[in-house]
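Here is a short report on one protein model. Look at the sequence and the fold, then read on.

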Amino acid sequence: MTYRLKLPELFLLFCLIPTFSAIGQGGRGYNVLFIAVDDLRPELNCYGAAYMSTPHIDRLAGRSVLFERAYCQQAVCAPSRNSTLTGLRPDAMGIYDLRTFFRTKVPDVVTLPQYFKKNGYRAEAIGKIYHPGHGNRDDSLSWSTPAILHTSLRRSLTKVSRGDTTGLESDFPMLDSKLLPYYRSDAPEENMTDAMIARLAAERIKALKDSVFFLAVGFIKPHLPFVVPRKYWDIYDPAAIKIPERTSPAGMYEQALANFGELRGFYGIPENGMLDDNTSGNLIQGYRAAVSMTDAQIGKLLTALEENGLAEKTIIVLWGDHGYKTGEYGSWCKHSNMELDTNVPLLISVPGMRQGFKTRSLAELVDIYPTLCDLAGLKKPDHLEGQSLLPILKNPKASVKKAAISQYPRGRSLGYDGKDEIMGYSIRTRDYRYTRWQKYENPSEIVAIELYDHSHGKVALENLAVKSEYKKRVAKMDKLMNSELSKYQLLKSR
């Protein structure tokens with residue numbers, strides 16, 4: 001399926017659509033299918049990457065508003081998910097690491113699924129929604145029944161040992177006691193964790209068809225390791241894969257990029273330095289194969305809605321928790337304020353509203369909470385720090401914000417709550433990304449600044465902040481950053 005924009009004439013016609021109300025006939029509210037995907041960058045066919053095989057996400061895009069400029073609040077799993085699900089930015093919670101359970105900081109906050117539960121919805125979760133790892137845990141208050149976690153499903157997978165290779169039938173095969181970063185699996189697809197998640201979610205959709213539900217489904221892939229059935233690998237021709245340039249932007253702050261430690265511990269990955277072409281090519285092919293496998297699981301959810309007569313009764317939100325680098329700048333994974341790390345896929349499908357439109361209006365994951373409240377006809381909680389995207393859903397050319405904010409800590413650990421010496425704040429406007437690195441405990445002490453022009457692409461070539469001809473642009477962006485940080489009262493947890 002090829003995803004195309006509607007004609008401009010249709011756009012003008014649809015601008016006349018009246019304000020949407022999510023309360024259906026007889027007062028029955030629309031269901032919510034809330035799909036989270038780990039490490040999914042917006043490299044999908046419907047986002048313009050024609051080489052990607054993502055027919056089911058493309059199918060969803062055909063009935064959605066697709067946000068091309070959506071951004072996470074911090075490019076790592078737990079802080080991003082905490083922010084999305086609570087409606088609070090990382091600074092409001094004071095959490096920037098994987099291990100801190102958010103209720104230790106904001107014990108009384110009402111999460112997005114919890115709020116829908118309080119308003120009569122059956123709230124359930126299957127897979128990875130919060131980050132129940134690294135000592136962190138799921139939030140029982142969010143759900144009507146205990147969540148079915150991906151970690152528990154994974155423990156049921158068959159482990160097979162063959163010589164020096166262990167776990168060939170699992171999601172996590174090993175060689176010489178190290179995890180393989182990628183693997184062409186001949187195990188049945190139904191043995192994969194994400195396939196189990198999709199099967200259980202489809203069963204719950206059927207069981208809940210006579211209820212009003214908020215069903216959160218979290219897929220693991222394309223997170224490392226890229227262990228995927230062979231048929232998905234075969235979609236992609238290794239010879240057609242282009243290895244990205246390994247050059248960092250000129251004048252870049254020395255700590256802007258991380259050393260992709262997430263990947264370093266896998267088998268065959270050097271402790272330092274860049275990866276060779278062969279390893280890079282295999283990883284890129286594996287990542288793309290993992291995206292296609294997850295796409296197939298998402299298709300099962302869409303089919304389950306259709307088969308149970310719920311396609312026109314369900315709001316669907318598909319989002320990635322952060323972006324991802326696949327060799328750009330010679331780097332991998334996330335963990336930075338760069339465009340590739342913070343830009344995420346976001347698709348919102350609402351019955352009776354616009355379908356098949358793309359928007360370049362700025363959006364943030366923290367905006368999902370207030371948006372769903374508006375779509376469900378629920379009063380928005382006072383604590384929310386995002387803004388409703390409803391105006392954009394009604395008119396893709398509308399705008400609700402001047403900038404999207406992301407942040408990432410760097411430097412020496414301060415020894416408490418996972419906080420580091422330096423905090424980098426980044427704002428994204430229409431064409432530019434501006435990042436200011438400042439001391440965490442003394443924000444007036446600026447360590448470095450970066451300005452990147454992204455009007456022609458996501459890969460930056462040079463830090464324009466070090467060039468004198470961009471002095472006025474830097475001053476303008478700095479003023480906007482101060483305004484945005486003040487608006488959301490960032491730094492208030494310090």
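Two strands pair if DSSP finds at least two bridges between them. Helices (H or I, at least four residues) and strands (E, at least two) are DSSP runs, numbered from the N terminus. By these terms, strand E1 (residues 31–37) and strand E11 (residues 314–320) pair in the parallel sense over seven bridges. Ala-36 has Trp-319 of E11 as its bridge partner.

The model is predicted: local features need pLDDT of at least 70, side-chain atom pairs count only at pLDDT 80 or more, and totals for chains, interfaces and linings use all residues. Residues are numbered from 1 along each chain as its sequence is written, and side-chain values use heavy atoms, with hydrogens and water left out.

**The seven-stranded sheet**

E1 and E11 belong to an open sheet of seven strands, in the order E3-E9-E1-E11-E14-E2-E15. Its pairing is mixed. Strand E3 (122–127) and strand E15 (357–364) are the edge strands, and each pairs on one side only. From one strand to the next, the twist averages 15°. Angles run from 0 to 180 degrees between N-to-C directions, and axes are lines fitted to C-alpha atoms, for helices over the stretch in contact.

Contact here means heavy atoms within 4.5 Å. Helix H3 (residues 77–86) lies across E1 and E11, running at about 165° to E1. H10 packs on the sheet and touches E1, strand E9 (213–219) and E11. The direction of H10 makes about 175° with that of E1.

**Helix H10**

H10 covers residues 277–307. The expected span of a helix is 1.5 Å times one less than its number of residues. For the 31 residues of H10 that gives 45 Å, and the end C-alpha atoms are 45 Å apart, which agrees. Of those 31 residues, 25 are buried, so H10 is mostly covered; buried means under 20% relative accessible area, exposed over 50%, partly exposed in between (1.4 Å probe, protein chains only). Asp-276 caps the N-terminal end, with a side-chain oxygen 3.2 Å from the backbone nitrogen of Asn-278. Such a polar contact is a pair of N or O atoms within 3.5 Å; within protein, one must be able to donate a hydrogen and the other to accept it, and residues adjacent in sequence count only if both atoms are side-chain atoms. Gly-309 follows H10, and its phi is positive, near 70°.

**Nonpolar cores**

A nonpolar core is a set of buried Ala, Val, Leu, Ile, Met, Phe, Trp, Tyr and Cys residues joined through side-chain atoms within 4.5 Å. The largest has 56 residues. Phe-34, Phe-67, Phe-214, Leu-346 and Leu-372 touch the most other members. Helix H12 (residues 368–376) gives the most to this core, with six residues. Leu-372 touches Val-32, Phe-34, Leu-112, Phe-116, Phe-214, Ile-315 and Val-317, not counting residues up to four places away in sequence. A second, separate core has 52 residues, including Val-37, Leu-263, Tyr-287 and Leu-347.

**The four-stranded sheet**

Another open sheet has the order E16-E17-E18-E19, with antiparallel pairing. Strand E16 (404–413) and strand E19 (446–453) stand at the edges, each with a single partner strand, so one side of each is left without a neighbour in the sheet. Neighbouring strands are turned by 15° against each other on average, direction ignored. Helix H14 (residues 471–487) packs on this sheet, touching E16, strand E17 (420–428), E18 and E19. Its direction makes about 70° with that of E18.

E18 (residues 432–439) pairs with both E17 and E19. Seven of its eight residues are buried.

| Hairpin | Residues between strands | Bridges | A facing pair |
|---|---|---|---|
| E17 and E18 | three residues | seven bridges | Arg-428 and Arg-433 |
| E18 and E19 | six residues | seven bridges | Arg-433 and Tyr-452 |

Tyr-432 also stands opposite Asp-453 in E19.

**An exposed loop residue**

Is Glu-190 buried or exposed? Glu-190 is exposed, with a relative accessible area of 56%. Glu-190 lies in the loop between strand E8 (182–185) and helix H7 (193–207). Leaving aside neighbours within four places in sequence, Glu-190 is in contact with Ala-195 and Met-196. Glu-190 and Pro-229 are 39 residues apart in sequence and 10.0 Å apart in space, C-alpha to C-alpha.
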